Amino acid sequence: MDHFLYRDGALYAEDVPLAEIAASVGTPFYVYSTATLERHYRLFDEALEGMDHLVCYAMKAASNQAILKTLAALGAGMDVVSGGEYLRAKAAGVPGDRIVFSGIGKTTDEMRLALEGGIRQFNVESEPEMIALNAAALDLGVRAPITVRVNPDVDAKTHAKIATGKSENKFGIPIARARAVYAQAAALPGLDVIGIDVHIGSQLTELAPFALAYAKVAELTETLRADGHDIRRLDLGGGLGIPYTRSNSAPPLPTEYGALIRDTLGHLGCEIEIEPGRLVAGNAGLLVSEVIYVKSGEGRDFLILDAAMNDLIRPAMYDAWHDIVPVIEPEAGTEQQPYDIVGPVCESGDTFAKQRMMPPLVAGDLVAFRSAGAYGAVMSSEYNTRPMIPEVLVHEHQFAVIRARPTFDEMINRDTIPEWL
Ligand SMILES: *Cc1c(COP(=O)(O)O)cnc(C)c1O
């Protein structure tokens, strides 16, 4: 459920008409709903009620400071995957003991940053990383709390580019090697081995792959405890999918996911962490764009928008579907027609949808891409020297620009000319 609904024939974000935001900030723009962000965070928090737990929002999904502050105020932890994200989380007021650090390529500088600033745990993904972290910790005279990310060799049944839990993926250590790696970690004096981490992929629409992975984690917990390790925290990753279209069957609910966690792992008495990203932010954001032209092609009509693949890469990168709806609600009974919906960038991949049924639209009409809150703004670029589009946060009847569109001067002046030119 989200808070983007039609009222009196116009699409609103909470209590603000989208057309009003468009008139104020110009198109295209991203808009997020505070109530939706809060609701989704709470769904996870409540799903784990009764277990010692922390929901660490995977901030790579949408990392604007205002979004992080909204979630941090509810008690959220953060899952970060770079030094930059660590600094973003700290800048939003998240204490170090609520930040977990994931990622396969943490540098020594990033490790030092987190060790000095405070960290809940590092999710370590390889032996060389373990050795580097041990050295960084000893150098600072501290011990680094770690889990080891295990790769359970489970098929997440999602798009290949966002599956991470198969043995051929670059993530984690093979679960078959876990005992040896934990023994090695325990022997390193700069490391404090506290738990196990797993994350099998993103946009999972069934519980079965989670069930398989978590059963393996439960078994590994017992094995490692028998080996003498004090396994007391399980980080179960993120990955629960969202409905990208209302006509599809809905993915499992956070409550069902929480029940699965309780059933597979609850008996172990471990502290539980989860790292949802997409489900927190995805349906809490829209991309709003204006139709520039309607062009008649060979047997098809093109809707040319002012948003493009550089603003929302998901259709080009993952063949992703986004529902695209007119901001002015079509009257009941309006006949739909097929459009190829494209952006202005000079690539054929700059296509959002092919032969999409839409009510008739004309230049100047506004459309909204639903489910654009996660992996939207954060993956945007300035390709074609198109400015990064503004982000707007709505809270009831208020809205605020939380990232302004840069001016062309700002963009151009980021370049510097060598003195020989
Ligand atoms: C991307 C990622 C997540 C979040 O995945 P979602 O599908 O957005 O929930 C969580 N943990 C790790 C380690 C990740 O890389």
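Reply: Strands here are DSSP runs of at least two residues, helices are DSSP runs of at least four, and both are numbered from the N terminus. In those terms, Tyr375 is found in the loop between strand E19 (366–369) and E20. Please keep in mind throughout that this is a predicted model.

Me: What makes Tyr375 count as buried?

Reply: The relative accessible area of Tyr375 is 10%, and buried means under 20%, so Tyr375 is called buried.

Me: Why is Thr385 called partly exposed?

Reply: Thr385 has a relative accessibility of 48%, and the class called partly exposed lies between the 20% limit for buried and the 50% limit for exposed, so Thr385 belongs to that class.

Me: Which residues is Ser202 in contact with, leaving aside its neighbours within four places in sequence, and how do you know whether Ser202 is buried or exposed?

Reply: Ser202, placed in the loop between E11 and helix H8 (208–226), is in contact with Thr158, Ile162, Gly239, Arg278 and Tyr375. The relative accessibility of Ser202 is 10%, which falls under the 20% limit, so Ser202 counts as buried.

Me: What makes H8 and H9 roughly parallel to each other?

Reply: Two packed helices are described by the angle between their axes and the distance between the axes. For H8 and H9 the axes come within 9 Å and cross at roughly 30 degrees; angles under 35 degrees count as roughly parallel, and H8 and H9 are therefore given that label. The crossing itself is right-handed, and the contact is made by Phe210, Ala211, Tyr214, Val217 and Ala218 of H8 together with Tyr257, Leu260, Ile261, Thr264 and Leu265 of H9. By class, these residues divide into nine nonpolar, one polar and no charged.

Me: How do you know how helix H2 and helix H9 are turned relative to each other?

Reply: The axes of helix H2 (residues 34–47) and helix H9 (residues 254–265) come within 8 Å and cross at roughly 30 degrees, so with the limit at 35 degrees H2 and H9 are roughly parallel to each other. Their crossing is right-handed. On the H2 side the contact is made by Leu43, Phe44 and Ala47, and on the H9 side by Pro254, Thr255, Tyr257, Gly258 and Arg262. This contact has five nonpolar, two polar and one charged residues.

Me: Why is strand E4 called mostly covered, and which strands does E4 pair with?

Reply: In strand E4 (residues 29–33), five of the five residues are buried, and buried means under 20% relative accessible area. The cover reaches both faces, with Phe29, Val31 and Ser33 buried on one side and Tyr30 and Tyr32 buried on the other. Two strands count as paired if DSSP finds at least two bridges between them. E4 has four bridges with strand E14 (residues 285–296), in the antiparallel sense, and four with strand E20 (residues 391–395), in the parallel sense, so both pairings meet that requirement.

Me: What makes the peptide bond between Thr27 and Pro28 a cis bond?

Reply: Omega is about -10 degrees for the bond joining Thr27 and Pro28, which is a cis peptide bond. Most peptide bonds are trans. Pro28 sits in the loop between helix H1 (18–25) and E4.

Me: How do you know that strand E11 is paired on the basis of bridges?

Reply: Six bridges join strand E9 (residues 144–151) to E11 in a parallel run, and three bridges join E11 to strand E12 (residues 233–235), again parallel; at least two are needed, so each counts as a pairing. Pro145 stands opposite Asp192 in E11, and Ile196 has Leu234 of E12 as its bridge partner. Strand E11 (residues 191–197) is also mostly covered, with six of its seven residues buried.

Methods
Residues are numbered from 1 along each chain as its sequence is written. This is a predicted model: local features need pLDDT of at least 70, side-chain atom pairs count only at pLDDT 80 or more; totals for chains, interfaces and linings use all residues. Side-chain values use heavy atoms; hydrogens and water are left out. Axes are lines fitted to C-alpha atoms, for helices over the stretch in contact, and angles run from 0 to 180 degrees between N-to-C directions. Angles under 35 degrees count as roughly parallel, over 145 as roughly antiparallel, 65 to 115 as roughly perpendicular and the rest as oblique. A crossing is left-handed if the near helix is turned anticlockwise from the far one by less than a right angle, and right-handed if clockwise. Contact means heavy atoms within 4.5 Å. Ala, Val, Leu, Ile, Met, Phe, Trp, Tyr, Cys and Pro count as nonpolar, Asp, Glu, Lys and Arg as charged, and the others, Gly among them, as polar. Buried means under 20% relative accessible area, exposed over 50%, partly exposed in between (1.4 Å probe, protein chains only).
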